Structure formats: structure tokens, C-alpha cells
Amino acid sequence: MKNRVTTLFDIQYPIIQAGMIWCSPWQLAAAVSNAGGLGIIGSGSMYPEVLKEHVEKCKKATDKPFAVNIPLLYPNIEEHVKTIIDYKVPVVFSSAGNPKTWTGELKKHGIKVVHVVSSAKFAQKAAAAGVDAVVAEGFEAGGHNGREETTTLCLIPLVADAVDIPVIAAGGIGSGRAMAAAMALGAEGVQIGSRFAASEESSAHLNFKNKIVATQEGDTVLTLKELAPVRLIKNKFYEEVAAAYQRGAEKEELISILGRARSKKGMFEGDMDEGELEIGQVAAMINNVKPAAEIFNEILAEYRQVRANLLASNYDF
Ligand code: NDP
């Protein structure tokens, strides 16, 4: 498959594994890159020394391009950027912040930069900041998300019409069917998170992987908009948040309920009651934990089948 996304990253297929905190170690990134896509190390939950180790190990595990995701709110961002430059990581996916801050510096070192956006307006800002592509992430996505609640179905064409750089679709994509739909809407690639969070190589706790498999339609919610909107599984911790909303809690109370390291407690340490369990709506369609390469190949095969069916004019309209 050749298009602007595969050419930009020098990869075989425009399937990108999202950089997810606590779930995207070097093992997952290398497996996806070796399968012909672009694997991403999620650095948001990694202390600087930990990121170094993951980049070193990823370089040993694959000779294919891979990326690092940096949430721009990360406290020691200078150290992460230095690691990325020192180790010549070819691609950075930035998120949750202003793309103007680091894009120029990264590009000066020949690094491709992609920024995650949740609206056409931010896509234009990212393009103006000089990024090479944008990820347009819709309402369905897990983890941090846009305030506007624009669904992937509406967001992709809005963003594709607003910018000239390639658009990578994210949010609600965990299958070849969804990938075909995203490509039809104007995306040139897809970024897939939740499906890979439930892979064997994901660093998520086994309890969290099993929880993803058990998650059904309606079990996730986008909440905590006053702090940073996040889609998570409705569990005991969320019930506390919901009760606080019901009694009209102020922002300060929400901050104290959230506390610190909730996502680590849930996704990495496996506390399914007290932890923050970030996952997308697509979890309702995830029924097993498999090796990442198997997931990748299934998505690709289904995409090709759906595309062939559509092209074969199986429909009389
Ligand atoms: P908290 O402030 O609640 O906790 C910080 C967590 O990050 C702790 O568990 C800590 O590990 C870990 N951590 C890793 N590196 C550092 C560092 N240099 N300084 C301090 N803590 C560090 O944050 P969250 O758990 O909510 O989020 C962590 C990061 O992930 C943030 O940068 C956030 O922006 C990003 N994020 C991105 C999301 C996305 O969808 N892109 C979703 C959610 C968060 P320890 O407990 O071992 O100290």
C-alpha cells in the first residue's frame, strides 16, 4: 500500500499503533513495526531513564522505523526530547499541548512530527506549526480526548477538508472494517490504541487486559472535562466521580478525588476498582488478547476483504 502516510514514515502499511501510557512498551512498538506498520512507544508514563531503555531495546528489536509519543504536558519533556534526538528516533507523535513548542526543534534534527488533534481548528494550528501529518482522534477514543465530543465519522472529513497534510484517523478503530471506513472518509492511515492495549506485548496489567475483553457497549464514558477530558471504564472510582458531579462538586474536589497516579494504579498495577481505566468504545468489540502481529494481520486482511467487496460492486446502487 503506497500513499502519503506510508511514504512519510517509510512503512509498508498505514497502520499505526497508538502510544498509550502504561500500555505501549518497546515490545509492542517493535512488534507492530516488524509487522509492517508504525509502532509507537508511549513515553507519557515513563521516567526519562525508562524511555532511554525502551528506545535502546526497540532499536535492537527492529530495524524498521518506529516512533515515540510525547504528551506535551509531560513534566520532564526536555529530557525526553534529548533522548529522541540522541537516539535518532525517526518519528515523534505529540499530543495534549501546543505543537508550536517542539515541532521546529524536532524537525531541525530531521525528525518527522505528527500531532494529535480533536478538531479541524486544531488541525489547522498544527499544520501552521509545521507538523508533517495529524492524527484526528474522535470522541470514541480512550484516554485524553477533545472537549467538543466530535465523533470520528464527523471529524475525519472535517479535518481532511481543512488541511493539506495527511490525516491519520483515530478513535473507534480496531478492525479492518473501521479502517476501510476511515480511509473512505479521507484518512490516509489509521492509529489504533485499544485493540493493541489488549495484545500480548502490551505492558498493561493482565487484570486490565481481561477487563478490556469483558467491556461491553456502554461501559465507557468521557468524563472529567473540567480537568482533562478522559474516556475510561465505569468502575468504582468512576462512581465516586459521578457522585461528585451529582452533588455539584467544584473542580478542586474533582482534582482531589482523582489524586495522583490513578492510571498507573489501574492499567499498570491492576487495581480494577480504584484505578483509572482508560480505553475506547471499541473495547466492546475486543474479545481476546493476542500477539500484536496477529492483531495487525487480521486488521489488514479484513481491510482488504472489505475493500474488495466494495470494489466488486456487490451492491446494485
Ligand atoms: P499523574 O500526575 O496522576 O501521575 C503521574 C504518573 O506518571 C505517575 O504514575 C508517575 O509514575 C508517572 N511518571 C512518569 N514519568 C514521570 C515524571 N517525569 N514525573 C512525574 N511522574 C512521572 O498523571 P497521569 O497518570 O494522569 O498521566 C501521566 C502522563 O501521561 C501525563 O504526562 C499525561 O499528560 C499523560 N497522559 C496521556 C494520555 C493520552 O491519552 N495521551 C492519557 C493520560 C495521561 P510513579 O507513580 O511511578 O511516580
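Which helix gives the most to the lining of the second largest pocket? Select H14 (292–311): H14 leads that lining with four residues.

Before going on, note that this is a predicted model, in which local features need pLDDT of at least 70, side-chain atom pairs count only at pLDDT 80 or more, and totals for chains, interfaces and linings use all residues. Residues are numbered from 1 along each chain as its sequence is written, and side-chain values use heavy atoms, with hydrogens and water left out.

**Stop 1: the pocket**

The second largest pocket holds about 240 Å³ of space. Select Gly174, Ser175, Arg195, Met285 and Glu298; of the 15 lining residues, these are the closest to its centre. Two elements give two or more residues to the lining: helix H8 (176–184) and helix H14. By class, the lining has five nonpolar, five polar and five charged residues.

A pocket here is an open set of points on a 1 Å grid over the protein atoms alone, where a 1.4 Å probe fits, with protein on both sides within 12 Å along at least five of seven lines; lining residues have an atom within 4 Å of a point. Helices (H or I, at least four residues) and strands (E, at least two) are DSSP runs, numbered from the N terminus.

**Stop 2: Ser175**

Stay on Ser175. Its place is in the loop between strand S8 (167–170) and H8. Ser175 is buried, with a relative accessible area of 15%; buried means under 20% (1.4 Å probe, protein chains only). Not counting residues up to four places away in sequence, Ser175 touches Ile299 and Glu302. Contact means heavy atoms within 4.5 Å.

**Stop 3: H8**

Now select H8. Its buried residues are Gly176, Ala178, Met179, Ala180, Ala182 and Met183. They pack against strand S1 (15–17), helix H7 (152–162), S8, strand S9 (189–192) and H14. After H8 comes Gly186, with a positive phi near 120°.

**Stop 4: H4**

Move to helix H4 (residues 77–86). Ile77, His80, Val81, Thr83, Ile84 and Ile85 are its buried residues. They pack against helix H3 (48–61), strand S3 (66–71), strand S4 (91–95) and helix H5 (100–108). Lys88 follows H4, and its phi is positive, near 55°.

**Stop 5: H11 and H12**

Last, select helix H11 (residues 236–246) and helix H12 (residues 251–258), whose axes come within 10 Å and cross at roughly 170°. H11 and H12 are therefore roughly antiparallel to each other, a term for angles over 145 degrees. Phe237, Glu240, Val241, Ala244 and Tyr245 in H11 meet Glu253, Leu254, Ile257 and Leu258 in H12.

Notes. Grid points are joined across faces, edges and corners, and a volume is the space filled by probe spheres set on the points. Ala, Val, Leu, Ile, Met, Phe, Trp, Tyr, Cys and Pro count as nonpolar, Asp, Glu, Lys and Arg as charged, and the others, Gly among them, as polar. Buried means under 20% relative accessible area, exposed over 50%, partly exposed in between (1.4 Å probe, protein chains only). Axes are lines fitted to C-alpha atoms, for helices over the stretch in contact, and angles run from 0 to 180 degrees between N-to-C directions. Angles under 35 degrees count as roughly parallel, over 145 as roughly antiparallel, 65 to 115 as roughly perpendicular and the rest as oblique.
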